[in-house]
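Please read the briefing below alongside the sequence and the coordinates. It takes up a salt bridge, a helix pair and a surface patch in turn.

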Amino acid sequence: ETIRLDLPGNETTVILTDPFIDDFVLMYCTFMQHSQLFSALMAHYHSDASQGTEQEKMDYTLNNKRRVIRLVLHWTNVYAELLQEEETAVAFLEEFYVSVSDDSRMIPALKEQ
C-alpha cells in the first residue's frame, strides 16, 4: 500500500506503508490518549542504541528516526483536517518538525525523509 503526498510546487512523494502502521494509526486512540502518543513518538524519535559498534548505533538511530517520521507522515495524512483543530497536535507537529529539521542538518540521510 502507498501514500501519495502532494507537496508545494506540484511535487509528489510516494511512501510505502506497512499494514501494521495503518492499523495502529486507525486504532491507537482506543488504547492511548493523544498526549501519550506524542510523548511516545518523541521518545522513540530521540532514542539511541545503548550497545553495538558506532556504526550499529548510528544505523539504529537513523532507522528509528525514519520509522517515526514515516508513522507521523501517515498519521498526519489520515487525520489532517482533525489535527488542525487540536492545539496539542499542532504543538507536537511543530516540535517534531524542529527536531527533524535540526537532525537533517546533522544526519544528511534524513533529508530524503
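Lys57 and Glu54 both lie in helix α3, 3 residues apart, which is about one turn of the helix; helices here are DSSP runs of H or I with at least four residues, numbered from the N terminus. The model is predicted, so local features need pLDDT of at least 70 and side-chain atom pairs count only at pLDDT 80 or more, while totals for chains, interfaces and linings use all residues. Residues are numbered from 1 along each chain as its sequence is written, and side-chain values use heavy atoms, with hydrogens and water left out.

**Salt bridges**
- The side chains of Lys57 and Glu54 form a salt bridge at 3.9 Å, N to O, the term meaning a side-chain nitrogen of Lys or Arg within 4 Å of a carboxyl oxygen of Asp or Glu.
- The structure holds 3 salt bridges.

**Helices α3 and α5**
- The axes of α3 (residues 54-78) and α5 (residues 87-106) come within 12 Å and cross at roughly 145 degrees, where axes are lines fitted to C-alpha atoms over the stretch in contact and angles run from 0 to 180 degrees between N-to-C directions.
- Residues of α3 including Val68, Val72 and Trp75 meet residues of α5 including Phe92, Phe96 and Val100, contact meaning heavy atoms within 4.5 Å.

**Leu26 and its surroundings**
- Leu26 belongs to helix α1 (residues 19-27), and its C-alpha atom is separated by 8.5 Å from that of Trp75, 49 residues apart along the chain.
- Leaving aside neighbours within four places in sequence, Leu26 is in contact with Val78 and Tyr79.
- Leu26, Met27, Phe31 and Val78 make a nonpolar surface patch of about 390 Å²; patch residues have over 30% relative accessible area and no salt bridge, with nonpolar side chains (Val, Leu, Ile, Met, Phe, Trp, Tyr) joined within 5 Å and like charges within 9 Å, and accessible areas come from the Shrake-Rupley method with a 1.4 Å probe, only the protein chains shown counting as cover for residues.

Note on methods
Helices (H or I, at least four residues) and strands (E, at least two) are DSSP runs, numbered from the N terminus.
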